[in-house]
2 protein chains.
Amino acid sequence: MKRIAMMACVLGVSLSVTASLAGPQTVSSAREYRRAHEAEIVGELVELLTIPNLASDIENIRRNAAKLIEMMERRGIEARLLEGNGPPAVFGEIKTPGATRTIGFYAHYDGQQVDPSKWASDPFKPVLRDKPLEAGGHAVAFPKTSEKFDPEWRLYARSASDDKAPIIAMLAALDALKASNAKPTANLKFLFDGEEEAGSPHLGDIVTRNAALLGADVWLCADGPVHQSRRQQLYFGVRGIVKIDITLYGANRALHSGHYGNWSPNPAMRLAKLLASMKDDSGRVLIQGFYDGAVPLGDAEKKALKEMPATDPELMREYGLAGTDGAGRSLGELINEPSLNIDGLRSEDVGRQSRTIIPAEATATLDLRLVKGIEPHRQVERLIAHIKKQGYFVVKDGPDLETRLNHPLIARVVSEEGYPAVRTSMSLPIVKKVINAVELAIGQRPVMLPTMGGSGPLWAIDAATKAPQVGVPIVNHDNNQHSSNENLRLQNLWDGIEIFSALMTIVW
Amino acid sequence: MKRIAMMACVLGVSLSVTASLAGPQTVSSAREYRRAHEAEIVGELVELLTIPNLASDIENIRRNAAKLIEMMERRGIEARLLEGNGPPAVFGEIKTPGATRTIGFYAHYDGQQVDPSKWASDPFKPVLRDKPLEAGGHAVAFPKTSEKFDPEWRLYARSASDDKAPIIAMLAALDALKASNAKPTANLKFLFDGEEEAGSPHLGDIVTRNAALLGADVWLCADGPVHQSRRQQLYFGVRGIVKIDITLYGANRALHSGHYGNWSPNPAMRLAKLLASMKDDSGRVLIQGFYDGAVPLGDAEKKALKEMPATDPELMREYGLAGTDGAGRSLGELINEPSLNIDGLRSEDVGRQSRTIIPAEATATLDLRLVKGIEPHRQVERLIAHIKKQGYFVVKDGPDLETRLNHPLIARVVSEEGYPAVRTSMSLPIVKKVINAVELAIGQRPVMLPTMGGSGPLWAIDAATKAPQVGVPIVNHDNNQHSSNENLRLQNLWDGIEIFSALMTIVW
């Protein structure tokens with residue numbers, strides 16, 4: 001009896017809030033709406049992309065946040081800034097009368113560093129191209145309202161994909177619902193992070209202080225790319241990450257390589273040896289305990305991995321690789337493991353800028369990606385233990401003369417706090433609903449990734465709200481994310497609008 | 001009879017051209033002259049140092065050359081430019097009536113690259129400091145004519161030591177001779193190279209085409225520093241050098257380290273492994289045949305090495321080193337061997353500028369120093385053979401897609417021509433005269449280095465003129481040569497004037 005009453009109640013509510021539209025109808029309405037408004041949608045994205053969005057550029061970050069508030073309020077979203085000790089998070093809410101579920105949508109509005117000298121065009125002056133630059137793409141004019149956009153065109157700008165496009169897709173989905181008089185079937189919450197690319201150092205504090213506000217039945221994270229096969233993918237976890245700078249020292253000044261070479265130790269050579277000691281030739285990390293403590297994948301996750309499209313050979317061709325790390329294992333498998341990556345090396349200069357000296361120091365920046373069960377500080381400890389094992393005296397600051405004279409091998413290791421991995425079970429009922437909604441929107445089963453290779457601040461939302469989290473990325477995989485010439489394939493934006501429309505109107 | 005006649009003749013000539021002054025008297029006259037003209041001498045050096053002098057900066061290099069011509073002509077030196085396909089060499093000559101010997105003085109007027117961000121002051125706006133910067137030196141005003149300079153003061157500017165100070169010392173020595181009515185005892189030739197720091201790629205051509213003009217009984221090379229003990233040193237050879245850029249490749253673009261880490265190979269890690277394979281932990285080069293073919297030192301050279309001051313412990317303290325490469329062997333010994341040095345490393349960026357990516361490429365610039373018997377191209381061949389042995393496909397240009405897809409390991413190796421080492425025997429009669437003249441000027445036996453650690457284009461003069469060559473360096477060893485904050489200790493300039501005065505007036 002009780003059970004039947006509850007079911008009736010749930011069904012009743014569901015029926016009342018999805019009165020006019022649901023499922024395939026919402027998706028086709030969204031498509032119609034988009035087709036009629038492509039110039040408008042792209043125009044709004046372009047406007048947002050022209051505001052530089054490096055998290056440390058406080059003035060511009062606040063201009064981005066203000067712009068988002070304006071864009072959200074225009075759609076009737078109650079929006080406001082959640083302040084912390086860094087860039088503000090932008091929060092918005094749509095309360096749906098009678099709804100029993102609350103769905104959160106997460107994206108971030110900040111972007112990675114840019115080195116404009118490596119870009120084909122200004123990273124903050126969006127350029128539309130008829131093909132990817134790598135395929136010889138040329139700039140094309142932005143079509144006027146009435147003309148048609150080619151869905152294979154690419155929009156080039158920092159954050160075109162990562163992560164401003166998903167924000168536009170969410171807002172356009174709301175516009176599409178409104179245009180067809182449809183209403184969301186749940187309360188909707190939006191959280192746009194302003195320092196994800198800087199590691200979201202203050203998001204934990206912001207969401208903890210606003211935990212009640214951010215309560216939801218599920219958070220959908222619209223960061224990251226779709227599968228390399230171009231198929232829609234969902235992910236159920238992200239790797240954690242911690243970045244580390246390692247600096248080694250030679251003499252206390254750069255010395256003439258002729259007068260002192262063979263005698264004064266070269267920190268660049270030492271760095272080479274130290275880094276070389278960290279991995280074998282197949283890319284397996286040799287640091288003791290590096291893989292220990294990882295929570296193993298469950299059966300559903302293992303099955304999902306097996307079902308992933310075998311795109312490795314295509315990817316290798318695309319990226320010009322004759323071989324890969326990982327001793328023949330697939331990309332899908334490998335990104336479910338912790339990793340150690342060199343982000344960059346620097347010691348004096350190379351090529352024409354080089355001088356014939358023994359550098360005074362050499363630095364490598366590493367990122368360690370983490371999986372569930374391995375906390376950032378634990379992995380950093382293992383790395384430091386490894387460095388000590390190679391004979392290094394490890395310091396936090398540049399060594400003074402006394403330290404130098406007492407220790408032949410000195411390594412300065414500086415790490416940020418980083419954040420841990422999270423992973424939601426694919427078997428939770430609400431997670432299954434998300435999967436089904438996306439399947440409905442795209443007409444086929446999405447690729448399902450137990451853990452996405454990239455990292456994201458889901459851990460903060462996870463810690464504060466305990467809500468399950470599903471990643472619903474929409475942008476193309478070949479978007480040059482984090483690198484120069486970041487771009488968005490328009491079809492991905494179109495698809496995103498339909499997917500978010502479906503997720504806003506399914507029967508929860 | 002014949003012998004006696006010849007001796008008489010030589011003595012006669014000698015007596016006639018050294019009529020008024022010789023030996024200790026010249027030196028003390030030079031000292032008096034200098035004491036009265038310190039501000040003037042430093043002023044002329046400062047004027048020369050304000051002209052930027054990177055060899056590739058053709059406009060400014062020519063301004064330097066024109067300035068030198070003007071300075072030489074003012075002293076009655078017949079001066080002119082020797083043109084080639086790069087910066088001109090500046091040549092000058094003083095013909096001494098009755099002289100039977102011709103002495104050449106070599107220096108260079110170009111300087112190393114500068115990275116102004118690493119300098120305490122503008123590299124081309126000379127600053128006088130009361131102490132070395134490393135000892136907390138503060139800027140002091142340039143004294144007026146009547147005031148006194150502290151000989152421990154340092155003049156900071158690019159090329160203050162390397163190698164404009166020696167040019168000023170030579171010219172001031174001529175002024176000092178003139179002031180005391182002394183005359184040179186030999187014909188004097190001056191050759192000021194305009195691209196030594198760029199490897200003198202065109203000097204060989206210039207001196208070959210002007211071989212007759214440059215004929216001399218001995219060439220004195222005023223490049224390089226005095227011994228680390230601050231004692232005057234002479235060197236009888238220099239190491240050759242060849243520079244090489246090695247670039248390794250990953251994917252054809254930088255990839256997100258989360259989505260592709262563990263799978264897409266990291267060229268920075270590969271570079272670390274490749275470089276690490278080149279040396280053992282003591283700094284011994286592991287490249288096959290690297291030390292083969294070196295012409296061994298003679299008995300005089302071995303004896304000189306044994307007599308060198310044991311300054312290694314002081315140097316280690318000065319440079320903040322708790323250990324050195326070379327398994328305990330001395331600096332003096334080690335610089336008589338070939339070396340392999342990493343000048344710089346570069347792959348994407350580090351620290352705050354870094355991004356969480358797998359870099360697309362990683363580059364190291366190396367310099368290989370050579371000793372007599374090992375030609376540059378031979379050593380480069382050995383290095384390339386080593387790289388191939390590590391599995392690399394070696395290319396000269398950036399690889400195209402096909403090359404990338406056919407070779408898992410690709411190394412681009414680009415080397416300049418470089419130049420070989422030279423070494424003059426310490427036992428030649430004219431070389432002994434040079435040694436004695438310097439001993440006379442400084443009042444003690446100079447330190448004698450069979451081969452200086454640094455390199456120099458003596459090989460070009462050697463090949464064209466077959467004249468013996470002796471290095472007569474005058475600048476301080478701690479001059480930050482080739483690095484930022486290059487400086488000259490004034491006492492070294494003062495000493496240089498006396499040494500050159502002696503060399504211009506001894507009985508040859």
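## The four-stranded sheet of chain B

In chain B, four strands make up an open sheet in the order S5-S4-S6-S21, with antiparallel pairing. Strands S5 (139–140) and S21 (487–489) of chain B stand at the edges with a single partner strand each, so one side of each has no neighbour in the sheet. Helices (H or I, at least four residues) and strands (E, at least two) are DSSP runs, numbered from the N terminus, and two strands pair if DSSP finds at least two bridges between them.

Strand S4 (residues 127–129) of chain B and S5(B) pair in the antiparallel sense over two bridges, and here B:Leu128 stands opposite B:Val140. Helix H16 (residues 490–505) of chain B packs on this sheet, where it touches S4 and S21 of chain B and makes about 65° with the direction of S21(B). Contact means heavy atoms within 4.5 Å; axes are lines fitted to C-alpha atoms, for helices over the stretch in contact, and angles run from 0 to 180 degrees between N-to-C directions.

## How to read the model

This is a predicted model, in which local features need pLDDT of at least 70 and side-chain atom pairs count only at pLDDT 80 or more, while totals for chains, interfaces and linings use all residues. Residues are numbered from 1 along each chain as its sequence is written, chains are lettered from A and ligands numbered from 1 in the order in which they are written, and side-chain values use heavy atoms, with hydrogens and water left out.

## The sheets of chain A

Chain A also has an open sheet of four strands, in the order S5-S4-S6-S21 and with antiparallel pairing. Its edges are strand S5 (139–140) and strand S21 (487–489) of chain A, each with a single partner strand, so one side of each is left without a neighbour in the sheet. Within the sheet, strand S4 (residues 127–129) and strand S6 (residues 154–156) of chain A pair in the antiparallel sense over three bridges, with A:Leu128 opposite A:Leu155. Helix H16 (residues 490–505) of chain A lies across S4 and S21 of that chain, running at about 65° to S21(A).

Elsewhere in chain A, strand S16 (residues 410–415) takes part in two pairings. With strand S10 (residues 237–249) of chain A, S16(A) pairs in the antiparallel sense over five bridges, and A:Thr247 stands opposite A:Arg412. With strand S15 (residues 393–395) of chain A, S16(A) runs parallel, joined by three bridges; there A:Ala411 is the bridge partner of A:Val394. Another pair to look for is strand S1 (residues 78–82) and strand S2 (residues 89–94) of chain A, antiparallel and joined by five bridges. A hairpin of six residues links S1(A) to S2(A), and A:Leu82 stands opposite A:Ala89.

## Where the chains meet

The interface brings 102 residues of chain A into contact with 102 residues of chain B. The two chains bury about 8,300 Å² between them, 55% of it on carbon and sulfur atoms; buried area is the accessible area (1.4 Å probe) that two parts lose on being put together, summed over both.

Six salt bridges are found across the interface of chain A and chain B, a salt bridge being a side-chain nitrogen of Lys or Arg within 4 Å of a carboxyl oxygen of Asp or Glu. A salt bridge joins the side chains of A:Glu348 and B:Lys118 (3.8 Å, N to O). On the side of chain A that touches chain B, the largest share, 10 residues, comes from strand S12 (residues 339–348) of chain A. S12(A) pairs with strand S12 (residues 339–348) of chain B in the antiparallel sense over five bridges, and A:Arg346 has B:Arg346 as its bridge partner.

## Local details in chain B

Over all chains, the whole structure holds 61 salt bridges. In chain B, the side chains of B:Arg101 and B:Asp217 meet in a salt bridge (3.4 Å, N to O). This pair links distant parts of the chain, 116 residues apart: B:Arg101 is in the loop between strand S2 (89–94) and strand S3 (102–108) of chain B, and B:Asp217 is in the loop between helix H6 (203–209) and strand S8 (218–221) of chain B.

Two backbone features are worth a look too. The peptide bond from B:Asp162 to B:Asp163 is cis, with omega near 25°, and B:Asp163 is in the loop between strand S6 (154–156) and helix H5 (164–179) of chain B. B:Asn262, a residue other than glycine, has a positive phi near 90°; its place is in the loop between helix H7 (257–260) and helix H8 (267–276) of chain B.
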